[in-house]
Amino acid sequence: RKVCRPAWKILARGGDVMDAVIAGANVVELDPADDSVGFGGLPNEEGVVQLDSCVMHGPTHNCGAVACIEGIKTPSRIARLVMERTDHMLIVGRGAQRFAVAHGFEVEKLLTEKARLNWLRWKENLSKEDDWFPPGDGIYRDSKGRVHGTINVLGLTAAGSLAGVTTTSGLSYKIPGRVGDSPIIGAGL
């Protein structure tokens, strides 16, 4: 409901279906309590949040995506810019981040304290043979094991115009540079 509410407001006033699905995705991307994507997304094995996103716009038959982008809370908005402002389908890593900065986005810290604690728990329990130890009391607070999550928002207007967005931080504690299915046109979306 929290995702659909802002999307529906845009559709109800006759707005573009892409504006609607992006607004819905942004709710989750900007929510530090949600660990599936954006601000609060779970990091890779080095403790860095890397995000993937893809958009498709039915009325224009266009699409765009970013992968392994760091420091940008709303990767769906950057995927849309790839679609609207380039002749590319996918921009990744540092190139995606530089593209976002060129369009006025600020690089921000995405690793929340909750996500950092989850990563630390995972890191400290990888092996009894490494140099990392769990807390002395053995109690982890606000952390969980390896998870993954992806957000998909689809919109369809009364006139039949369709658009969609998929956005994710991917598999938690992944190998840096891993790209999930989210930015793959036709698979994740």
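Me: What makes the meeting of the Arg116 and Glu113 side chains a salt bridge?
Reply: The N to O distance is 2.5 Å. A salt bridge is a side-chain nitrogen of Lys or Arg within 4 Å of a carboxyl oxygen of Asp or Glu. Therefore Arg116 and Glu113 qualify. This is a predicted model, where local features need pLDDT of at least 70 and side-chain atom pairs pLDDT 80 or more, while totals for chains, interfaces and linings use all residues. Residues are numbered from 1 along each chain as its sequence is written, and side-chain values use heavy atoms, leaving out hydrogens and water.

Me: Where do Arg116 and Glu113 lie?
Reply: Both are in helix H5, three residues apart, about one turn of the helix. Helices (H or I, at least four residues) and strands (E, at least two) are DSSP runs, numbered from the N terminus.

Me: Why is Arg116 called partly exposed?
Reply: Its relative accessible area is 29%. Buried means under 20%, exposed over 50%, and partly exposed in between (1.4 Å probe, protein chains only). So Arg116 falls in the middle class. Glu113, at 46%, is partly exposed too.

Me: How many salt bridges does a search of the whole structure find?
Reply: Five. One of them joins the side chains of Asp31 and Lys2, at 2.9 Å from N to O. Asp31 lies in the loop between H2 and S1, and Lys2 in the segment before helix H1 (4-12), so the pair ties together parts 29 residues apart in sequence. Asp31 is buried at 19%. Lys2, at 41%, counts as partly exposed.

Me: How do you know that the side chains of Asp19 and Arg80 meet in a salt bridge?
Reply: Their N to O distance is 2.7 Å, inside the limit, so the pair counts. The pair links distant parts of the chain: Asp19 is in helix H2 and Arg80 in helix H3, 61 residues apart. Asp19 is partly exposed at 32%. Arg80, at 17%, counts as buried.

Me: What makes Lys123 a residue with no salt bridge?
Reply: The nearest side chain of opposite charge, Glu45, is 6.8 Å away. Lys and Arg count as positive, Asp and Glu as negative; His and the chain ends are not counted. Lys123 is in helix H5 (residues 113-124) and is buried. Lys123 touches Glu45, Asp130 and Trp132, leaving aside residues up to four places away in sequence. Touching here means contact, with heavy atoms within 4.5 Å.

Me: What makes helix H3 mostly covered?
Reply: Eight of its 11 residues are buried. Among them are Pro75, Ile78 and Leu81. The buried residues of H3 pack against several elements, including helix H2 (17-29) and strand S5 (162-171).

Me: How do you know that the radius of gyration agrees with a compact globule?
Reply: With 189 residues, such a globule would have a radius near 16 Å; the protein has 17 Å, which agrees. The radius is taken over C-alpha atoms, and the rule is 2.2 Å times the number of residues to the power 0.38.
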